[in-house]
Amino acid sequence: MKLEQHQITSHNERLFSRHQQQLAYVTTEIQNSALILQKLTDFQIGIPSWALGTGGTRFGRFSLGGEPGNIEEKLEDIGLLHQLNASSAAVSLHIPWDSTSNVPAIKAIASQYGLNFDAMNSNTFQDQPDQPQSYKFGSLQHVDKAVRQQAIAHNIEVIRQGVELGSKALTIWLADGSCFPGQLNFRKAFQNTLESLQEIYAALPADWKVFVEYKAFEPNFYSTTVGDWGQSLLYANKLGPKAFTLVDLGHHLPNANIEQIVSLLLMEGKLGGFHFNDSKYGDDDLTAGCMKPYQLFLIFNELVEGMDQRGMNHTKDLAWMIDASHNVKDPLEDLLQSVEAIMIAYAQALSVDRAALVQAQAENDVVRCQEILQHAFRTDVRPLVAEARLRAGAALSPLTLYRESQVRKELIRNRGNKTIATGL
Ligand SMILES: [Mn+2]
């Protein structure tokens with residue numbers, strides 16, 4: 001469904017005077033607010049096609065109703081998010097879940113909503129009904145060459161479909177690893193994976209990137225063949241200039257210093273993109289910023305500093321995507337919350353007094369360093385994020401308008417109560 005422009009306009013009119021007061025205050029507090037507004041307007045976050053329906057755990061899944069049943073409906077839902085927040089202009093597809101035989105129609109729907117195709121995701125972590133070989137014991141790492149070949153061919157097929165749609169990147173996340181000590185020869189698993197990745201890399205078009213996503217554990221519980229950023233960076237370095245590491249915030253062991261990882265990957269020119277989410281215990285795939293908003297800010301602080309050091313374009317040079325699963329919330333509401341949290345963290349990072357921080361670091365003024373970062377984190381930048389949306393023709397409060405418009409009720413009316421979105 002699509003909102004009428006007058007719905008957005010009248011929503012904004014109702015909130016406008018209060019917004020003006022809040023904005024006036026924050027623009028006096030933050031020196032570079034005009035620049036921040038421009039950067040917020042440009043910044044776009046990729047929505048994962050697999051997160052538009054209710055997620056589940058191995059214990060069960062509780063459907064919400066009105067979930068998108070196909071790629072067309074997924075694009076409609078992301079189009080609605082983008083109408084509400086003007087910050088969700090991309091979709092990250094997952095093959096085979098989103099495979100389509102009608103590429104021109106899909107491209108037409110995407111362009112109607114102003115959406116681009118961000119990185120394509122392959123899937124060798126589960127078996128499809130018609131495939132001859134099983135991924136039970138891995139895919140690109142497998143001891144049997146026939147299994148590796150099947151997984152390589154799948155990734156190359158994902159690239160082919162991505163080229164047709166206008167995507168420019170492939171994300172490979174592998175479930176490969178082992179569940180028990182002794183099950184796997186680590187070196188052989190690494191070598192097999194590297195050789196497989198090299199074949200996929202050779203199939204990349206000149207203007208494509210491949211992102212190697214790492215994850216500490218799960219579904220394997222003893223070893224993971226791309227288990228951390230060091231292993232991912234090893235693969236990326238051995239593969240070549242089109243290969244990068246992808247950081248998923250939920251894929252670390254507890255208390256990992258993700259901001260330091262990000263800083264060093266940027267230094268090496270090997271940070272490719274992001275999967276935003278938040279977690280308390282493991283790969284919880286919760287709403288970005290819901291548990292550790294200060295960590296999210298610190299990560300963005302390193303991103304902004306590191307990208308500026310290298311003269312990178314904040315909007316285009318890294319792939320910004322969400323990877324989440326919604327078990328108890330309306331997925332669309334959850335995604336609106338995640339995008340908002342990411343924009344807030346980005347705005348806060350942009351507001352850091354960089355020159356003062358450099359000086360305080362040089363003087364070993366630890367207290368001042370902390371004060372500078374915490375001042376940025378504790379300044380309420382929400383009016384700036386709202387103003388960027390307003391200027392782009394979106395809603396001052398996307399979540400409020402979503403609820404006022406009774407979107408979910410309408411989706412259930414149109415699609416039914418029992419639809420199940422393909423995905424996790
Ligand atoms: Mn991920």
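This is a predicted model: local features need pLDDT of at least 70, side-chain atom pairs count only at pLDDT 80 or more; totals for chains, interfaces and linings use all residues.
**Strand 7 and its surroundings**

Reader: How many bridges join strand 7 to strand 9, and in which sense do they run?
Author: Strand 7 and strand 9 (residues 209–213) run parallel and are joined by five bridges. Strands (E, at least two residues) and helices (H or I, at least four) are DSSP runs numbered from the N terminus, and two strands pair if DSSP finds at least two bridges between them.

Reader: Which residues lie on each face of strand 7?
Author: Ala169, Thr171 and Trp173 lie on one side, Leu170 and Ile172 on the other, and all are buried. A residue is buried if 20 or more other C-beta atoms lie within 10 Å of its own, exposed if 12 or fewer, and partly exposed in between, with C-beta atoms placed from the backbone.

Reader: In which sense does strand 6 pair with strand 7?
Author: Strand 6 and strand 7 pair in the parallel sense over two bridges, and Asn121 has Thr171 as its bridge partner in strand 7. The chain crosses from strand 6 through helix 5 to strand 7 in a right-handed β-α-β crossover (clockwise from the first strand over the helix to the second, with the strands pointing away from the viewer).

Reader: Which residues of helix 5 are buried?
Author: They are Val147, Arg148, Ala151, Ile152, Asn155, Val158, Ile159 and Gly162. These residues are on the same side of helix 5 because they cover an arc of only 135° around the axis, taken from the directions from the helix axis to the C-beta atoms. The face turned away from that buried side carries the exposed residues Lys145 and Ala146.

Reader: Changing topic, why does Leu335 count as buried?
Author: Leu335 counts as buried because it has 28 C-beta neighbours inside 10 Å. Leu335 is placed in helix 10 (residues 331–350).

Reader: Which residues does Leu335 touch?
Author: Not counting residues up to four places away in sequence, Leu335 touches Ile47, Ala51, Leu81 and Ile322; contact requires C-beta atoms, placed from the backbone, within 7 Å. Leu335 and Thr287 are 48 residues apart in sequence and 7.3 Å apart in space, C-alpha to C-alpha.

How values were computed:
Residues are numbered from 1 along each chain as its sequence is written. Two residues are in contact if their C-beta atoms, placed from the backbone, lie within 7 Å.
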